[in-house]
Amino acid sequence: REREREKRENRRYSHVNWATIPGAYRRSQWRSRAVSVGCSTSSVLSKPSASLSTSGCSTSFSAAAAATAAAAVPTVAAPDGEAGAAAVEVAASEEEDIIHHSAGAQRRFLEIGCGVGNTIFPVLHANKDPNLFVYCCDFSPTAINIIKTHAQYEPKRCHAYVCDAATQSYHLPPNSMDIVIFIFVLSAIHPDKMPDVIRKAAECLKPGGLLLLRDYGRYDLAQLRFKPGRYLSENFYVRGDGTRVYFFTPDELDALLTSNGLEKVQNIEDRRLIVNRGRKLKMHRVWIQCKYRKP
């Protein structure tokens, strides 16, 4: 049955040149094309007004605040001496180089682990607000090159860049993003590094900004299918292509997000029974959807 399923999926995505895409992104074609964390990202960002209201939480946007955030460059701790000064200068120049792309934008959106753009392109297509600018980063240069060669990629509205969220800064000033999003990304990071990843995302958010997250829940079908040899640690596994995956509970994510100063707006466990009537299969899927706000 597993071989038959893989053959069907391979036929479905036969138009993709997988040889040019690392294993971490072979699954990116299965990512949700819409963000359904309470309300879709497209619907949140499509409001042309200067105020964004989402399920009882409000984020105000102003040109003055955007200009202040764009001009802000955080203090970077570095070793003493010329090497330390050079490191600070390089870090500051990287942040200035990235943030200047959205000069004048009133709303900024950042996706961490964007893959080949299956979230950002639907957002850009559905939203024509000239005051919206989208940032997206991924650790794979190949994935970023695929985004930049996409027909819908517009440098005036979007900037894609290479960044390893687990080990690097996001190269963005603090308090500069209105929305930061993780779509099946946090689970691929080692549990020991997750707090630092969330801390950096929270620092990028403006006061009132939102962090949106969707990821695998505990006892999802994907977890139950893993064989014993794929087990790395508690609820942490390695796939056949070498990528890793962690399966969360709502309480785990709540503790991780609130410990970094974020307030809960929504944290739900999305359980779905998917039935394949042709093959008489029942698939129990479990996902976690979170929406947290920076006070």
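Start with the aromatic rings: select Phe184, Tyr216, Phe226, Tyr231, Tyr237 and Phe247, and you'll have a cluster linked by ring pairs. Keep in mind that you're looking at a predicted model. Across the structure there are nine aromatic pairs in total.

One of these pairs is worth a stop of its own. Show the side chains of Phe236 and Tyr246: their rings sit 6.3 Å apart centre to centre, with 50° between the planes, which makes the pair tilted. Phe236 belongs to strand 11 and Tyr246 to strand 12, so this contact ties together parts that are 10 residues apart in sequence.

What is the strand order here? It reads 10-11-12, an open sheet of three strands with antiparallel pairing. Colour residues 231-233 for strand 10 and 244-246 for strand 12; these are the edge strands, each pairing on one side only. Turn the view to look across the strands, and you can follow a twist that averages 30° from one strand to the next.

Last stop: zoom in on where strand 10 meets strand 11. Select residues 236-238 to get strand 11, which runs antiparallel to strand 10 and is joined to it by two bridges. Which residue of strand 11 is the bridge partner of Ser233? Pick Phe236, and you've found it. That brings you back to the residue whose ring forms the tilted pair with Tyr246.

Notes
Residues numbered from 1 in each chain as written. Predicted model: local features only at pLDDT ≥ 70, side-chain atom pairs only at ≥ 80, totals over all residues. Heavy atoms only, no water. Pairing = 2+ DSSP bridges. Helix = DSSP H or I, 4+ residues; strand = E, 2+ residues; numbered from the N terminus. Axes fitted to C-alpha atoms, helices over the stretch in contact; angles between N-to-C directions. Phe/Tyr/Trp six-rings, centres within 6.5 Å; stacked < 30°, edge-to-face > 60°.
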